[in-house]
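Work through each exercise with the solution beside you, and take your time.

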Amino acid sequence: MKLGKKLGLLSGLAAGVMLAATGLAQAADPLKVGFVYVGPVGDHGWTYEHNQGRIAVEKALGDKVKTSFVESVPEGADATRVITRLASTGHGLIFTTSFGYMNPTVRVAKRFPKVKFEHATGFKRADNVATYSARFYEGRHVVGLIAGKMTKSNVLGYVASFPIPEVIRGINAVAIAARSVNPKVTVKVVWVSSWFDPGKEADAAKALIDQGADVMLQHTDSPAPVQAAQGRGIWAIGQASDMKAFGPKSHLTAIIDDWAPYYIERTKAVLDGTWKSGDVWGGFKSGMVKLSDYNAAIPADVVAMAEKARKGIIDGSVHPFAGPIKDQSGKIILKAGEVMDDKTMLGMNFYVEGVEGKIPQ
Amino acid sequence: MLVRLENRGEISKTMVYASPFIAVVLTLIAGVFLFALLGVNPVEAILSFFITPISTLDGFAELFVKGTPLVLIAVGLSFGFQANVWNIGAEGQLTVGALAGGGLALLFFESESLFLLPAMAAAGILGGMAWAAIPAFLKTRYNTNEILTSLMLVYVALLLLSYLIHGPWKDPEGQNFPESRLFPDAGILPVMIETTRMHVGWLFALAAVATGWILIARHVIGFQIRVTGMAPMAASFAGFKEKRIIWITLLMSGGAAGLAGMVEVSGPIQQIVPNISPGYGFTAIIVAFLGRLHPVGVLFAGLLMALTYLGGENAQIEMNLPNAVTGVFQGMLLFFLLAADVLIKYRVKFGGPKTAGAAEGAG
Amino acid sequence: MPEWFIPFLLSVVTASTPFVFAGIGELVVEKSGVLNLGVEGMMIVGAVSAFAAGVTTGSGPLAVFTGAFAGAAMALIFGVLTLYLLSNQVATGLALTLFGLGLSALMGHGMVGKTFPGLPHLEFPLLEQIPVIGPLIGTLLLGHDVLVYFSVVLVIAVGWFLNKSRAGMVLRAVGENHNAAHSIGYPVNLVRLLAVLFGGAMAGLGGAYLSLVHTPLWVENMTAGRGWIALALVVFASWRPARVFVGAYLFGGLTIMQLHAQGLGIEIPPQVLAMAPYLATIVVLVIISRDSALVRLNAPACLGKSFHATG
């Protein structure tokens with residue numbers, strides 16, 4: 001009985017694999033595109049969205065490309081081998097989708113000058129290594145505005161993974177935006193020291209709720225915090241992919257990573273021979289960052305405000321890190337009328353006013 | 001009951017060598033079924049698992065890169081396991097060894113000294129030993145179970161690494177990302193085959209195997225360890241100090257794991273990163289038993305285990321098989337290998353008269 | 001009593017219950033003289049099976065049952081290998097975890113992104129209206145999901161079984177000295193197999209609790225090492241059911257407490273705070289095990305040793 005069930009599941013999967021295989025079989029001499037993932041494609045977060053991007057490449061370019069991926073590649077000694085393996089098996093373009101692959105990517109790229117490499121969220125480039133990342137903080141700005149308007153307790157909870165600039169930038173963007181519409185807001189942060197541990201993320205969310213938070217934000221990858229928020233009847237904002245299914249009442253909106261346009265564009269560039277190394281940091285404007293549908297419970301004027309900010313970011317009239325910005329001690333670190341440059345944002349290592357606690361060092 | 005096991009009364013020499021092959025054949029048969037179920041061409045899948053990964057010089061070298069930490073740790077662990085000292089925390093000892101050895105490279109990041117590498121290796125060994133000394137002390141002093149303390153210390157070591165790499169040891173020029181500086185050239189293990197990543201760490205592993213072999217076969221310590229494991233009472237009559245054995249085996253396995261950690265950061269990784277080991281400390285436990293707790297057996301088992309990882313990656317690239325299949329396939333291979341060892345001491349009988357015995361009745 | 005105290009306790013109950021299930025199951029296994037290190041693997045297969053059953057049928061009880069059944073099916077592999085083919089228990093257990101993580105990912109392929117409404121809670125609105133102590137009683141004793149109550153009953157039942165029932169005596173005898181037990185005529189391997197199956201079912205239940213109640217969703221590797229903690233708890237509890245329960249709540253409590261401490265703005269690095277549950281476990285264990293006579297009294301003498309009847 002048990003075996004029968006397993007077999008059923010396996011054969012269901014098998015059918016899928018076969019379909020994928022036959023769909024690829026006819027191509028004459030397709031460009032092989034490789035993807036290296038840090039998590040399982042079933043994480044419903046970071047890796048899931050990258051894999052959606054890969055699938056989109058296959059859909060858009062059909063038999064001109066053949067994609068392959070390796071999932072759950074540890075960011076240590078194994079990364080170099082996997083990337084080398086991809087490069088030496090005829091892959092012409094390789095996306096390495098986590099920060100920890102930076103040095104391995106650069107190392108392998110030296111050995112394979114003809115292969116093009118694209119490394120996500122890093123800062124080391126070469127003639128055949130480009131970098132790309134998304135300006136998630138633009139999304140954080142808009143959700144920060146919504147959270148600032150929706151909170152009654154004036155406490156926003158933030159489930160955070162690791163104190164890296166990317167995460168700190170998100171926390172600050174939310175704090176600045178929320179306080180711009182509601183100066184009483186404070187942001188409480190709990191670090192779970194993991195990108196991915198649904199149980200701990202849920203427990204952290206509950207701890208924040210117990211301490212008064214009534215809007216839950218997260219920079220971890222599982223939908224558990226949204227679910228916890230729904231369970232306790234507070235608002236939540238999803239991360240990386242649409243998490244409405246996990247908390248339909250609570251889910252205000254989610255910041256979605258959409259890598260598909262970039263992946264398609266870069267793959268096309270390799271096919272055309274126009275690929276050049278560079279650094280792309282895309283946001284709302286390039287479609288790399290998106291927001292999922294707004295919850296119907298958000299008042300119309302708040303939606304209008306959020307949409308205005310989103311459009312403002314696209315046309316350049318709104319900048320999430322525009323002065324005056326004060327640090328936690330109240331000292332002005334960015335004067336009125338100035339906007340923060342990319343370099344400061346990329347290395348951000350301080351909290352702004354309104355965030356509670358200290359960055360763990 | 002039609003099938004039963006009968007004690008051979010002695011160890012079958014043939015089966016000592018034949019059983020791994022029987023297991024591999026059984027795994028291949030089961031693998032054919034698994035892959036057929038998944039709708040994948042079984043022959044292609046098995047080739048892509050076992051043959052193509054090592055068909056190039058690069059791939060062949062990678063086998064040793066991946067096998068080095070597994071063999072190093074497993075050789076160390078096999079001593080303790082023979083003496084019934086259960087060090088489950090090699091992963092933690094590896095991490096602390098990597099921190100100690102790698103920390104030295106970070107401290108002297110401008111060094112060009114030839115002494116840096118030996119010093120790092122020594123620091124790695126000492127670091128691993130120090131971490132293993134905690135369970136040894138608690139076991140000998142307070143009789144605290146070493147399985148639990150060594151396992152808990154794994155989590156503590158990983159959190160210590162996380163703390164250091166997000167704080168004090170962060171690369172000052174690294175834009176606040178959680179990675180250390182790159183080690184200086186003097187702190188990187190030399191490569192043995194040009195263009196590949198095969199570094200001299202593999203020689204450490206071979207040296208560990210040789211030392212282990214001599215110790216267990218020739219040295220009095222090896223004898224004491226084996227007697228303590230098989231007959232603790234006899235050991236204490238013979239005047240072997242149990243506490244001494246506990247200390248020696250834990251320090252040896254901790255030192256070996258610490259060296260493995262240093263080899264990983266100084267060989268293939270070349271800096272301190274948040275994830276130094278993908279669970280080598282735990283995988284090495286399986287390797288130790290697959291190698292039947294014998295250094296030479298461990299050598300082959302470590303390479304076989306390494307091959308399944310390379311094969312899994314390769315099958316993903318070539319066949320689009322999900323990573324999960326690797327885990328299932330690996331598990332199956334291990335099950336068969338572990339089960340086949342029964343043939344060394346027992347022979348399978350079909351039908352025939354039953355010997356009286358509750359165990360058979362239960363089966 | 002601060003306002004956050006009651007919800008804090010609630011979080012502790014939810015975080016601790018999976019440990020209770022997996023720990024008590026492993027305790028019975030170890031009492032019979034078998035060491036199964038594959039708890040993590042059985043838990044994760046239990047989690048995915050329970051969730052899949054819950055989503056497909058919509059039935060909570062069926063989901064729970066499927067989780068337990070799947071855990072037992074995994075344990076059967078372990079039991080056959082170690083008891084009848086005499087493979088090494090430590091290595092087989094570790095291999096079981098490897099196998100389980102892979103298998104669960106394969107089985108859960110279509111389950112990512114789905115949700116399950118959760119299990120029914122027992123409500124006693126009248127009792128909770130008693131002033132002052134009402135809410136506290138209400139939180140501590142009432143209003144949990146059914147599995148929490150079952151976990152308490154289970155601990156008591158296992159305690160009774162091991163110490164008072166005849167079958168429990170046989171089980172302990174088998175774990176204490178399998179040769180003697182065999183010569184008296186007890187079916188050593190059958191007893192052990194049943195214990196292993198029970199352990200697997202409980203680990204599966206622990207996994208089911210994670211994917212049905214704690215965070216009703218399926219994502220790969222969602223047990224995140226909880227099976228290992230459950231294993232540690234058994235030794236921590238020096239093989240006594242009540243202490244497994246206490247240990248589980250202590251560990252769960254410390255985990256939740258460190259998250260609260262962060263929210264309250266205590267300035268200790270989160271990594272150092274996160275070490276607290278592990279260090280505390282070691283400290284408590286040292287205190288308990290200093291009394292060596294007591295440990296020897298409870299630890300099964302044949303733990304981890306293979307048995308083959310010589311006839």
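A residue is called buried when its relative accessible area is under 20%, exposed when it is over 50%, and partly exposed in between (1.4 Å probe, protein chains only). Helices (H or I, at least four residues) are DSSP runs, numbered from the N terminus. This is a predicted model, where local features need pLDDT of at least 70, side-chain atom pairs count only at pLDDT 80 or more, and totals for chains, interfaces and linings use all residues. Residues are numbered from 1 along each chain as its sequence is written, chains are lettered from A in the order in which they are written, and side-chain values use heavy atoms, leaving out hydrogens and water.

**Exercise 1.** Find which residues of helix 11 of chain C are buried.

*Solution.* Start at C:Arg226 and C:Gly227, which are both buried. Continue through C:Trp228, C:Ile229, C:Ala230, C:Leu231, C:Ala232, C:Leu233, C:Val234, C:Val235 and C:Phe236, which are buried too. Eleven of the eleven residues of this helix (residues 226–236) are buried, so the helix is largely enclosed by the rest of the structure. Just after the helix, C:Ser238 takes a positive phi of about 40°.

**Exercise 2.** Describe the contact between chain B and chain C.

*Solution.* First, count residues in contact (heavy atoms within 4.5 Å): 47 come from chain B and 50 from chain C. Next, take the buried area, which is the accessible area (1.4 Å probe) that two parts lose on being put together, summed over both. The two chains bury about 4300 Å² between them, with 83% of it on carbon and sulfur atoms. B:Leu148, B:Met152 and B:Phe335 supply 15% of the area that chain B buries here, more than any other three residues. Finally, look for salt bridges (a side-chain nitrogen of Lys or Arg within 4 Å of a carboxyl oxygen of Asp or Glu); the count between chain B and chain C is zero.

**Exercise 3.** Decide whether A:Gly354 is buried or exposed, and list what A:Gly354 touches.

*Solution.* Locate A:Gly354 in the segment after helix 11 (342–346) of chain A. With a relative accessible area of 15%, A:Gly354 is buried. Leaving out residues up to four places away in sequence, A:Gly354 touches A:Arg179, A:Val185, A:Thr186 and A:Val187.

Note on methods. Helices (H or I, at least four residues) and strands (E, at least two) are DSSP runs, numbered from the N terminus.
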